[in-house]
Amino acid sequence: MAPLVAAGLNIILFLGSVRQPRNADRVLKLVQDRLEERSINVTVFDALKLEFDKVIKPIQYYNKSEIVPENILALNQQIKDADAFVVLTAEYHGSIAPGLLNLMNQFPPNSYAFRPSAVVSYSKGRFGGVRAAMQLRSFLSDLGLIQVPSLVAIPKVEEVVTPDGTTKDESLLSGLDAALDQLIWFAEAIKLQRKNYGLRCVDCFDDTNLGYKGLPYKNKKWS
Ligand SMILES: Cc1cc2nc3c(=O)[nH]c(=O)nc-3n(C[C@H](O)[C@H](O)[C@H](O)COP(=O)(O)O)c2cc1C
């Protein structure tokens, strides 16, 4: 079956390794190429390039009287406008790359919520970062992101993916395509819901001042 093409869909690809050199770049290239072959607009949020120092003050912790820096607001808006997310993580001691958490924690759950996400993990070892991936799925759920069923885990990353992002591993490619098909399916379904009902429940969330007011439910106002 031909992969789903989704012209005009906006997907953000999160990348958490800040090591130099790093294997993240080869995995990024592999996934980004595969997304762009489907005519998807890809924006990369790279922890190395965005250089957040620490999680000092995520947007939702600003008081209304305080001014959120313009660059943070612009990134936040990109997250809000995205149709779906692909999140790459290496495995560091059985856990998520800390740079990824540092990056994603800069923005409120409300900015991510009600969109689908797919996890791609990788490692030098035999398990492909699957221990990190399971923790990442839990973290992403906490941000309000829907998870696609398929998980892509790449073991022995330096042998399996070349520096220019190609692979001869057919099972990796078919697994990646399955996860991306699922991501597109959910993204397009949610796009329809957004058209009909809006994306967020305005009574449920507020970007600032600890604005999380609980999950949306019937009789709430939608924007
Ligand atoms: C601090 C640290 C911890 C690591 N822990 C694991 C691990 O638990 N399992 C594993 O298979 N590889 C582990 N590795 C190897 C990484 O999977 C491998 O270096 C990978 O390329 C890291 O991704 P990056 O190059 O994009 O940072 C670890 C590497 C580092 C730097």
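**View 1. The shell around the ligand.** The ligand is surrounded by 14 residues, and the closest of them are Ser17, Ala24, Ala90, Ser123 and Gly125. The model shown here and in the other views is predicted. By residue class, the shell holds four nonpolar, six polar and four charged residues. Strand β3, residues 84-92, supplies three residues of the shell, the largest share.

**View 2. Strand β3 and its parallel neighbours.** β3 is largely enclosed by the rest of the structure, because eight of its nine residues are buried. Strand β1 (residues 10-15) runs parallel to β3 and is joined to it by five bridges. Strand β5 (residues 116-122) also pairs with β3 in the parallel sense, over six bridges. In β1, Phe14 stands opposite Val87, while in β5 the bridge partner of Val87 is Val119. In a regular strand, side chains alternate between the two faces of the sheet.

**View 3. The hairpin of β3 and β4.** Strand β4, residues 95-96, is antiparallel to β3, and two bridges join the pair. Glu91 is found opposite Ile96 of β4. Two residues lie between the strands of this hairpin. His93 is located in that loop, between β3 and β4. Its phi is near 45°, which is a positive value in a residue other than glycine. Is His93 buried or exposed? His93 is exposed, as 6 other C-beta atoms lie within 10 Å, and the cut-off for an exposed residue is 12 or fewer.

**View 4. Helix α1.** α1 covers residues 24-36 and has 13 residues. From the first C-alpha to the last, α1 reaches 18 Å, close to the 18 Å expected at 1.5 Å a residue. Which residues of α1 are buried? They are Ala24, Arg26, Val27, Leu28, Leu30, Val31 and Leu35. An α-helix has 3.6 residues a turn, so residues three or four places apart point the same way.

View 5. Gln20 and Pro21 are joined by a cis peptide bond, with omega at about -5°. Pro21 is placed in the loop between β1 and α1. Most peptide bonds are trans, and most residues other than glycine have a negative phi.

**View 6. Lys156 in the loop between β7 and α7.** Lys156 is not a glycine, yet has a positive phi of about 45°. The loop that holds Lys156 runs between β7 (152-154) and α7 (157-160). Lys156 is partly exposed, with 15 other C-beta atoms within 10 Å.

**View 7. The protein chain as context for the close-ups.** Eight helices and seven strands make up the secondary structure elements of the protein chain. Of the 223 residues in the protein chain, 36% are buried. Among contacts between residues at least 6 apart in sequence, 79% join residues at least 24 apart.

Definitions and conventions: Residues numbered from 1 in each chain as written. Predicted model: local features only at pLDDT ≥ 70, side-chain atom pairs only at ≥ 80, totals over all residues. Near = placed C-beta within 6 Å. Helix = DSSP H or I, 4+ residues; strand = E, 2+ residues; numbered from the N terminus. Nonpolar A, V, L, I, M, F, W, Y, C, P; charged D, E, K, R; others polar. Buried ≥ 20, exposed ≤ 12 C-beta atoms within 10 Å, placed from the backbone. Pairing = 2+ DSSP bridges. Expected span 1.5 Å × (residues − 1). Contact = placed C-beta atoms within 7 Å.
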